[in-house]
Amino acid sequence: MEPYINDWRLPVVELKTMDARKLTDQRLKEVVEISQSMFAGNYDDLRNDRKIETENFMMAATFTRTKIKREDLPEGDEINMCEAMDRLFQRLGNEEEVLGLEKGELIGIEKGKSDTLKEQLKVKLGTLSSPLEKQLTNTSLEKLNELTLNIFNVTSEEDVLRIIN
């Protein structure tokens, strides 16, 4: 059976950590550099004034599971990275959507954090008033994170209000 079994030796590389400078193929080098910036969430690095093939950009977006569609990019086979990123952020409104965080996901995260904090505060304080529960529901994720960090310092509803206001 041995002659019928494929025993290929293939190098395995990790896209996130490979050294793109060692690549000789320009197209592959661009895809790796763009992918690494996307993986790192460093979209400012992509705003450099160079032209790349649209296909290379779309390939990097596919590798990184970044939610970018062809219609989000300028027309043509070649795009200016600075123009493409500016246009993309303008169209989508904010960077979170580019990174794959849909508004519904963000709302879900806020709701989950809010619900968890309410339960923790009920255990710590005994009960929560209706107005405080409602206010916690409408509090921003930033303030909920701040409350999470200070949960051990909370001894009353007034402490909670001081932190989230």
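Predicted model: local features only at pLDDT ≥ 70, side-chain atom pairs only at ≥ 80, totals over all residues.
**Talking through T139 and the cores**

Colleague: Is T139 buried or exposed?
Modeller: T139 is found in the loop between α6 (130-137) and α7 (141-149). Its relative accessible area is 8%. Buried means under 20%, so T139 counts as buried.

Colleague: Which residue has its backbone oxygen 2.5 Å from a polar atom of the T139 side chain?
Modeller: Stay with that loop between α6 and α7. A polar contact needs a pair of N or O atoms within 3.5 Å. At 2.5 Å from a polar atom of the T139 side chain sits the backbone oxygen of Q135.

Colleague: Which element gives the largest share of the largest nonpolar core?
Modeller: That core has 13 residues, and I34, M38 and F57 have the most contacts inside it. Two elements give two or more residues to it, α1 (26-39) and α2 (54-63). The largest share, four residues, comes from α2.

Colleague: And how many residues are in the second, separate core?
Modeller: Among its members are L121, V154 and V160.

Colleague: What share of the protein chain counts as buried?
Modeller: The chain has eight helices and two strands, running α-β-α-β-α-α-α-α-α-α from the N terminus. Of its 165 residues, the share that counts as buried is 31%.

Conventions: Residues numbered from 1 in each chain as written. Heavy atoms only, no water. Buried < 20%, exposed > 50% of the residue type's maximum accessible area, 1.4 Å probe, protein only. Polar contact = N/O pair within 3.5 Å; in protein donor to acceptor, adjacent residues only side chain to side chain. Core = buried A, V, L, I, M, F, W, Y, C linked by side-chain atoms within 4.5 Å.
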